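Q: I would like to learn how to read a structure from its computed features, one feature at a time. Could you take me through it?

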Amino acid sequence: MVSVSIVIPVFNGSKYIEQCAGFIGAQTFKDTEIIFAVDVKSTDGSVEIAEKATASLDNARVVRQTNGDHLAGARNTGLDDARGDYIWFCDVDDAPSPHFVTEMYGLASENDADMVCCGFINTGSDGVVKECRNAVWHTRVLGHDEAFAAISRDEFPVSTWSKLFRRQFLVDNNLRFENSFAEDIIHTFRVLDCAQKVVIYDRPLYAYRMTPGSLTRSKERRNIRAQAELQAYRDADAVCGDGPDSEEIHKHNARLRMRSSGHMDLKGFLEYQRSEEARFAHEKYFKGTAEGGLYRHFPRIYYYTEQVYFKLVYKRKGSRGMPKIKN
């Protein structure tokens, strides 16, 4: 048994493996096991390069993913092989802080948490996270209902790689990843549905590197990703049910579907904008609001505004993936 299992899914990620091994080897917390979960369908020598990289790391190994379920399958393969008290799914092409495991495991242990989520920063290919000197970081400990209320206010992201999970909690509740290009979304909501204690921490301990091969930047796969997001937020509605904050969560999910539709090409966006689902959401939640009015009555303007916002603000180099926690 070890304290933390670090699972790194890999598919055709050979050019990132060596650098990723460096980031993981630099972690200040050492009671870990490192698992490269490599898709055997990789065609760039990822399996061999990962096996070579493990030689430079303590307690590291390669497991082969053979189920063909993309990123979700690799994470599930790693989960099945892991033995740590907690588990972290780190993407091979990103750049975590060397203090990621130390701080996240400390918060998890101190609060007996089922999940801990930290902030992140969007960066370029260098993966450099520049923190303000003398910055003060804050945490919040949330119960089940509080966690749902917090995510409905976008107080923490759905991204899996910014989270540390209690491994046995995932196993006991069968919280596996679904084969989807938006697997993070529904997994996070299912985790919140089962979790009794969640900790959010606003320090950006993770750099999301916007590399040319990133799924969210691949033009030919934008529609696939956006359609997966739409379905994930529908599935999230079903998970939320009719709890105390369910209406706010349903409104949040409808808003995210509206914005996710803007990630498609113009034809796909307009088709969704005219759909019964979009019309219903506008009438129930967004009628009379500035965003809702623009989306319903001036869809092309909304679409191009969304494109600019996504590229220049939401994914801007240096933009943060979690707001500061107000204590």
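A: Helices (H or I, at least four residues) and strands (E, at least two) are DSSP runs, numbered from the N terminus. Leu312, for instance, has its place in helix 13, which covers residues 299-314. What you see is a predicted model, in which local features need pLDDT of at least 70 and side-chain atom pairs count only at pLDDT 80 or more, while totals for chains, interfaces and linings use all residues. Residues are numbered from 1 along each chain as its sequence is written, and side-chain values use heavy atoms, with hydrogens and water left out.

Q: How many helices and strands does the protein chain have, and how compact is it?

A: The protein chain contains 13 helices and 9 strands. Its radius of gyration, taken over C-alpha atoms, is 20 Å, and the globule rule (2.2 Å times the number of residues to the power 0.38) gives 20 Å for 327 residues, so the chain is as compact as a globular protein of that length. Along the principal axes, the C-alpha trace spans about 60 × 45 × 40 Å. With contact meaning heavy atoms within 4.5 Å, residues 24 or more positions apart account for 80% of the contacts with a separation of 6 or more.

Q: What share of the residues is buried?

A: Buried means under 20% relative accessible area, exposed means over 50%, and partly exposed lies in between (1.4 Å probe, protein chains only). On that scale, 54% of the 327 residues of the protein chain are buried. The accessible surface, from the Shrake-Rupley method with a 1.4 Å probe and, for residues, only the protein chains shown as cover, comes to about 14,900 Å², and 51% of it belongs to carbon and sulfur atoms.

Q: Which residues of helix 11 are buried, and where do they lie around the axis?

A: An α-helix has 3.6 residues a turn, so residues three or four places apart point the same way. In helix 11 (residues 276-286), the buried residues are Ala278, Ala281, His282, Tyr285 and Phe286. They cover an arc of only 105 degrees, taken from the directions from the helix axis to the C-beta atoms, which puts them on the same side of helix 11. These buried residues pack against helix 9 (246-261), helix 10 (266-273) and helix 12 (290-297). Helix 11 is followed by Gly288, whose phi is positive, near 90 degrees.

Q: Which residues have a positive phi although they are not glycine?

A: Asn59 has a positive phi of about 50 degrees, and His70 has one of about 55 degrees. Asn59 sits in the loop between helix 2 (46-54) and strand 3 (60-65), and its relative accessible area of 41% makes it partly exposed. His70 belongs to helix 3 (residues 70-81) and, at 43% relative accessibility, is partly exposed.

Q: Is Asn76 buried or exposed, and what is it in contact with?

A: Asn76, which is found in helix 3, is buried, with a relative accessible area of 7%. Leaving aside neighbours within four places in sequence, Asn76 is in contact with Arg176 and Phe177.

Q: Which residues form the nonpolar patch on the surface?

A: Patches consist of residues with over 30% relative accessible area and no salt bridge, with like charges joined within 9 Å and nonpolar side chains (Val, Leu, Ile, Met, Phe, Trp, Tyr) within 5 Å. A salt bridge is a side-chain nitrogen of Lys or Arg within 4 Å of a carboxyl oxygen of Asp or Glu. Val308, Tyr309, Leu312, Val313 and Tyr314 form such a nonpolar patch, and together they have about 500 Å² of accessible area. Leu312 is exposed, with a relative accessible area of 57%.
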